[in-house]
Structures are given as C-alpha cells and as structure tokens.
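Reader: I am new to this structure and would like to go through it with you. Could we begin with a term that I will need?

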Amino acid sequence: MAADPLVDVHVHLYPDARSGQQAKDRYVIWEYGDDPGIEFSASTGDLTDLMALYRQAGFDRAIVVHLFDTALAQAEAMTRLAFSGAPGAGRPDLGPAPAGPAAAPCALRPAVPAGPAAAEAMRAAAEAMRASNRWVAAVARANPLIEVLISIDPTIASPDEMVAHLAELAGAGVRGVKLHPVSQVFSPADPRLFPIYDLCCDAGLVVLSHSGPGHRGGASAMPAEFAPVLRQWPRLRLVLAHLGGASWPETAELADSFPQVVFDLSEIIEWAGAPNAPSAAELAGLIRHVGADRVMLGSDFPWYDPARTADRVAGLPGLGPAERAAILGGTATRFFGLEVAA
Ligand SMILES: [Zn+2]
C-alpha cells in the first residue's frame, strides 16, 4: 500500500544562513501571549537545511510561502542613498535593523517618510522584491520537492506592476501569492489587491495569507476581514494561515459562511496552550468543526521543525486516521493538485 502523502504548505526559504537568521531575529511572535516553552528550530532555513530536513522526514512536497521583508529593504535602500549623498535620505524613520528578537515586532513597520529619497527607496524595495521572487521561483523549478507562492506587497508596487510580475512568474511555474497584511501593513480587502485577486481567480492561482490580530493598533488580518474578499471572489482559492492565529475564535464562523476557504495550522499548533491560543483539545475541535478536508499541515519552517509539527498533528486528541491523513497531506495534495508518487 502506498504511504499517505506528507505535504508542508507553510515553509520559508532564505538564500543563505545569514539572511535566514536575520529573518528569524526580526520576526517576533507576540500574539499568543507568554511563551509556554516553545521548541523553536535551530535551522536557518537555507536550501541545504530545507532539502536535508524534508527528505529525511519523508515529505513529498514543501510549499514555500515567500515573505519579502519590505521594511528591511526600504531601510537598506535609504542607507545606500544616504551614503550616496541623496537629499533627504537617511535611515532613522524606517527603523534600523534590530539587534535581537525583541527589537522589531514584524507588525511595527514604521511610517515611510515622504520625499524623493523615500520614493526612490520604495522603487528599490519593489525591485528587490521582484528579484527575491525570481530567485525563489528558480529554486522551485530546479527542485521537484519545492513549490512556491511569491511575495506580493501592494504598498511598494502598483497593481499593474504586481499583476505583470505575477503573470511572468506564474508562466514560470509559481503556484500563487503569499500575503502578510500584518507585517507589510495593508488590509486583506485593500483595493490595490483587487487586480491580483482577479488574476488568481482567472488563472487558478492560490492566495495564502497570514491571519491574525494586529499589533498595538497596527494592520490586522482577522478572519472576518477576509469575508468581503470571499464574497467578491467566490472562486478565489484562499488559504488562511495559522487558522486565524490569536483570532482563532472567529475562524469557525468564517469557515461556516464560506465553504471554499481552507486553512493551514502552522504556528498555532506549536503555541497550543498559550494564553491567546487554543488548547490542543480546542484546536482539534476547531479542525473537526472546519473539516480535516479543509485544513493542511504547515510548519512555518525554519521557525519550527516540520517533522515535529507532523508529530504534533498525529498527537492531536480525538482525530481519526482519515482526518490525520487529510491534514498531513491529503488535503494539500487535492487543493494544490500535486502529483505525489504513489
Ligand atoms: Zn510563515
């Protein structure tokens, strides 16, 4: 008998160990409350680490949901401009690269100052985002284990630019887009995204978005905020990451109202038992309410270890073997139309 497929739909990949470690240091996870003793992965998320870990654990596919750090790219561009003597250039308002994990919650992206230098920094950041997406798309083309959703940020590129870029890379095999409304600071229903939703519907591309509350009044991505999008694009293949995160009590209602939306359980499964997270029993209850055929394994590698996340799924109380198999890979195989070896 063939083994059930094993698919991780929430993976991050970095060009090298330094940039992977930098991403982990900059991304502070605050929404679940006090850390109840989370086991973080020591991996830095480069390609060597990813391939070794996923092969060893027997994964059929790792779906990279690429996240471009817009704030960092803008800050770096402003610094370059300051050194080149551009008027109005400087870095302080964009936030310096933080020294450690506590320094820069992802949701605290500072306001971008107006002026020609800031506009130039934004253009540079948009170009860096496109280059980063082209890099990760090329990695996926060269590695059958990997599929990619590219990073799209409507705050730095125009709708026309984003559509052209996505169309280019969809032609080169990317499966859709990853959105992070909280760290990139926009609403899921931002009209600048409408042409992207149109293209994804027309081309059958997937939209996977971070979901969860905002930080200290910053942009949020609560489940209910996706309702207008699902109403306007009923055929959109939308995945909400983290099952709503710390706004998980809203998730069942959205799932009931929109049977087409699916979810990944990344991060929330690691934080089960934290003050603003469900207990393991509550998480299993939510998954059963939504339906295991709408929930997919996600590890958020390299923050967490994919094999251990798969073990956690297997350990959720009250799930039957068919439900576990669906979450571990059956749902993702069907949703993404993956061909996995029998
Ligand atoms: Zn993630």
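Predicted model: local features only at pLDDT ≥ 70, side-chain atom pairs only at ≥ 80, totals over all residues.

Reader: Thank you. How many bridges are there between E4 and E5, and in which sense do they pair?

Author: E4 and E5 are joined by four bridges, in the parallel sense. As one example, Leu179 has Ser209 of E5 as its bridge partner.

Reader: What is the order of the strands in the open sheet?

Author: The sheet has eight strands in the order E1-E2-E3-E4-E5-E6-E7-E8, and the pairing is parallel.

Reader: Let me follow up on E2. Why is E2 described as largely enclosed?

Author: Strand E2 covers residues 61–65, and five of its five residues are buried, so the rest of the structure largely encloses it. Arg61, Ile63 and Val65 point one way from E2, while Ala62 and Val64 point the other way.

Reader: Changing topic, which residues coordinate the zinc ion?

Author: The zinc ion is held by His10 and His12, each through NE2, and by Asp300 through OD, at 2.0 to 2.2 Å. Along the sequence, these donor residues follow the spacing H-x1-H-x287-D.

Reader: Are His10 and His12 buried or exposed?

Author: Both His10 and His12 are buried.

Reader: What about cavities: how many are there of 30 Å³ or more?

Author: The count is two. The largest cavity holds about 80 Å³ of space, and its lining includes the zinc-coordinating residues His10, His12 and Asp300. Other lining residues of the largest cavity include Tyr27, Lys178, His180, Glu267 and Trp303. By class, this lining has three nonpolar, five polar and three charged residues.

Reader: What is the volume of the second largest cavity, and what lines it?

Author: The second largest cavity has about 50 Å³. It is lined by 10 residues, of which Tyr27, Val28, Ile29, Trp30 and Glu31 are the closest to its centre. Six of the lining residues are nonpolar, two are polar and two are charged.

Reader: Now to helix H7. Which of its residues are buried, and what covers them?

Author: In H7 (residues 194–203), the buried residues are Ile196, Tyr197, Leu199, Cys200 and Cys201. Their cover includes helix H5 (159–170), strand E4 (176–179), strand E5 (206–209) and helix H8 (227–232). After H7 comes Gly204, with a positive phi near 70°.

Reader: Finally, where is Glu250 found, and which residues does Glu250 touch?

Author: Glu250 is in the loop between strand E6 (237–240) and helix H9 (251–257). Leaving aside residues up to four places away in sequence, Glu250 touches Met222, Pro223 and Ala224. Its relative accessible area is 28%, so Glu250 counts as partly exposed.

Technical notes:
Residues numbered from 1 in each chain as written. Heavy atoms only, no water. Donors = N, O, S within 2.8 Å, 3.2 Å for Na, K, Ca; no water. Buried < 20%, exposed > 50% of the residue type's maximum accessible area, 1.4 Å probe, protein only. 1 Å grid on protein atoms, 1.4 Å probe; cavity = no way out; pocket = protein on both sides within 12 Å on 5 of 7 lines; lining within 4 Å. Points joined across faces, edges and corners; volume = space filled by probe spheres on them. Nonpolar A, V, L, I, M, F, W, Y, C, P; charged D, E, K, R; others polar. Helix = DSSP H or I, 4+ residues; strand = E, 2+ residues; numbered from the N terminus. Contact = heavy atoms within 4.5 Å. Pairing = 2+ DSSP bridges.
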